[in-house]
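Dear colleague,

Please find the structure for your review below. My notes on it follow directly after.

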Amino acid sequence: MKEKEYQELRQAVEIPDVTDVAPVEVLFAGGVCVGTIGEFSTIVGKPKVKKTFNVIAIAS
């Protein structure tokens with residue numbers, strides 16, 4: 001592939017930079033954002049300590 005063809009192809013498929021876009025805040029605790037759209041979280045704990053209840057309470 002020639003250099004000019006490569007540059008044209010690269011420009012055609014280049015993804016725009018969106019790092020300056022603020023994430024959408026969706027979960028707050030005491031006025032502080034603790035969750036955004038697209039964020040991955042994990043809840044870890046011993047068996048029978050109400051992890052599922054905690055997840056349901058946060059989601060609702």
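Two strands are said to pair if DSSP finds at least two bridges between them; helices (H or I, at least four residues) and strands (E, at least two) are DSSP runs, numbered from the N terminus. This is a predicted model, in which local features need pLDDT of at least 70, side-chain atom pairs count only at pLDDT 80 or more, and totals for chains, interfaces and linings use all residues. Residues are numbered from 1 along each chain as its sequence is written, and side-chain values use heavy atoms, with hydrogens and water left out.

The protein contains 2 helices and 2 strands, in the order α-β-β-α from the N terminus on. Strand E1 (residues 25–29) and strand E2 (residues 32–36) pair in the antiparallel sense over 4 bridges. Within this pair, Phe 28 stands opposite Cys 33 in E2. The hairpin has 2 residues between the strands, and Gly 30 takes a positive phi near 65° there.

Val 26 belongs to E1. Its relative accessibility is 48%, so Val 26 counts as partly exposed (buried means under 20% relative accessible area, exposed over 50%, partly exposed in between; 1.4 Å probe, protein chains only). Buried residues make up 3% of the 60 residues in the protein.

As to overall dimensions, the C-alpha trace spans about 60 × 30 × 15 Å along its principal axes. The radius of gyration (taken over C-alpha atoms) is 21 Å, whereas a compact globule of 60 residues would have one near 10 Å, by the rule of 2.2 Å times the number of residues to the power 0.38.

Yours sincerely
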